[in-house]
Structure formats: structure tokens, C-alpha cells
Amino acid sequence: MTSKIECVIKQAITTFSGSYTSKAFHDNLIKLKRNANELDARSIGLDFRLLRWDTYELNNNLDKLSGSTFVRRHQAPVTYIEVFEDENVSIGVFVLRDGAKIPLHDHPYMYGVLKVIYGKVKVQSYTPVDKDYSQLNDCNINAIKLAPIIVGETDDPCVLCPVEGNIHQVDTIDGPAAFIDILAPPYKTDIPEVGKRCCRYFKEVNISKDIKLAIVSDPRDYWSDTAPYTGPQFGIHFEPKT
């Protein structure tokens, strides 16, 4: 019997392997959301120990090297678990410990599907006013701030689009949380005539009545570690084009 996560991977590959403007794409995206909505922590084999702050020994050497003002407890505030990645889509799990957040960041010309599988998160999204990504390299970006949403395990997946709601921040609510993150195309793939897709971080600045987002360097109070995928195995393998 095909596992739930394998169904999601196969549907993600089908959805994001062709044109993003065809009717088939939008039909497939609906199917992907439906499949992702079936996922929960147990169906992907989440190690619940990762949700705790006390999983690992305190590493004072990393604290000294980072110079972070964030109170490092026993490990990084966020853990990433890679499930699958090919040239068209990446699928992974973000584990956020109590009080952690993923800072405001973008997904250049990418689609995203976020399904919470443990706890609750608040998602604050912004839409850049300038739709041309090649023009978004200034220090400040005009943006529309969308209403924040609270998403839990029983809620439908969230979808971010190449422009609409493309910049967002994810905060934990009342405890640790974990979510499946499906992105297409993956980071570090090419944007024609622009370059590699890179994740940029932002902070909100208010200038008069306008909302602007200022590009900032990697936040010093955010870092992540990785953990292996321990869920059901699947017979899908990526072979890069030669």
C-alpha cells in the first residue's frame, strides 16, 4: 500500500514538472493540497523528541562562534528534515521548538504548500507591490501586508504563490510546532535572466503610511540544524539530467 507521504511526493512531481500556467497545473495543485491535508506527524514518522529543547547537550563552542544574543538552550531553535528534492520540487519538514520562529523571508518566483502536522503557527505574509523580481534588489521593497492567519493540524494547507503572499514569517503559538513544506522550484535553481533563487530575509519598516520591507543580513537569532527522515520509505529517486 502506498504511504501518504509517497502520494504527496508523486503528486508534487506531477504538479510541478510542467507548465505553471496550464489548467492541468491548477487541477494538480488542488490534488496536491488534498493529499497534503492527509499528512500528520505519525504518517511522516516525526521523532517527537525533536520538539523539545532538551534533546541535545548544550554546545557552548557554537554559542561563542555565533555571537548570538538569542539564548541558546540545548540546540538550534529549528530543525529541518529533508524528505525529497529534485530539480522541480523540494519537500521537507520544519520543526520549530517552543518560542521559535522562521524570520521574514521570500520565495522568489516559487510556489509553496505548508501543512501543519503538529501544534499551531502564525503565518504573517506580505505581497511585494513590484511584481518584477529583477527589480526587487533595492534596500527597501514596497509591500502589502496581509492579515495574519493561525494554522493548526486540523486546518487545510496554506499556499503561497510566486508573488501573492510570497514573503512570510512563521511563528510558533503556545508550544512547539512542525509543518511539511513543499516548494517549487527549489531554492538555488535558476530564474531566467536574473540568477539563482536565494532566500532573503527582511524586516518591516514603516515609512509614512506605506509598508516597506528592508532587506537584512541573515538574522543572528535564527539558525537551524538537520535531522534524518525516519518516515515510510518510498521508491522515488531523482536522477539529475546530464
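The lining of the largest pocket has 16 nonpolar, seven polar and seven charged residues. Here Ala, Val, Leu, Ile, Met, Phe, Trp, Tyr, Cys and Pro count as nonpolar, Asp, Glu, Lys and Arg as charged, and the others, Gly among them, as polar. The model is predicted: local features need pLDDT of at least 70, side-chain atom pairs count only at pLDDT 80 or more, and totals for chains, interfaces and linings use all residues. Residues are numbered from 1 along each chain as its sequence is written, and side-chain values use heavy atoms, with hydrogens and water left out.

**Pockets**

- A pocket is an open set of points on a 1 Å grid over the protein atoms alone, where a 1.4 Å probe fits, with protein on both sides within 12 Å along at least five of seven lines; lining residues have an atom within 4 Å of a point.
- The largest pocket holds about 720 Å³ of space, a volume being the space filled by probe spheres set on the points.
- Its lining has 30 residues, with F94, L183, Y187, C199 and Y201 the closest to the centre.
- Strand β2 gives the largest share of this lining, four residues.
- The second largest pocket has a volume of about 230 Å³.
- Of its 15 lining residues, V123, S125, I149, C158 and V159 are the closest to the centre.
- By class, this second lining has nine nonpolar, four polar and two charged residues.

**Salt bridges**

- The structure holds seven salt bridges, each a side-chain nitrogen of Lys or Arg within 4 Å of a carboxyl oxygen of Asp or Glu.
- R200 and D106 pair at 3.1 Å, N to O.
- R200 lies in the loop between β12 and β13 and D106 in the loop between β3 and β4, so the pair ties together parts 94 residues apart in sequence.
- R200 is buried at 13% relative accessible area, and D106 is buried at 1%; buried means under 20%, exposed over 50%, partly exposed in between (1.4 Å probe, protein chains only).
- K120 pairs with D174, the closest N and O atoms being 3.9 Å apart.
- K120 is partly exposed at 35%, whereas D174 is exposed at 75%.

Technical notes
Helix = DSSP H or I, 4+ residues; strand = E, 2+ residues; numbered from the N terminus.
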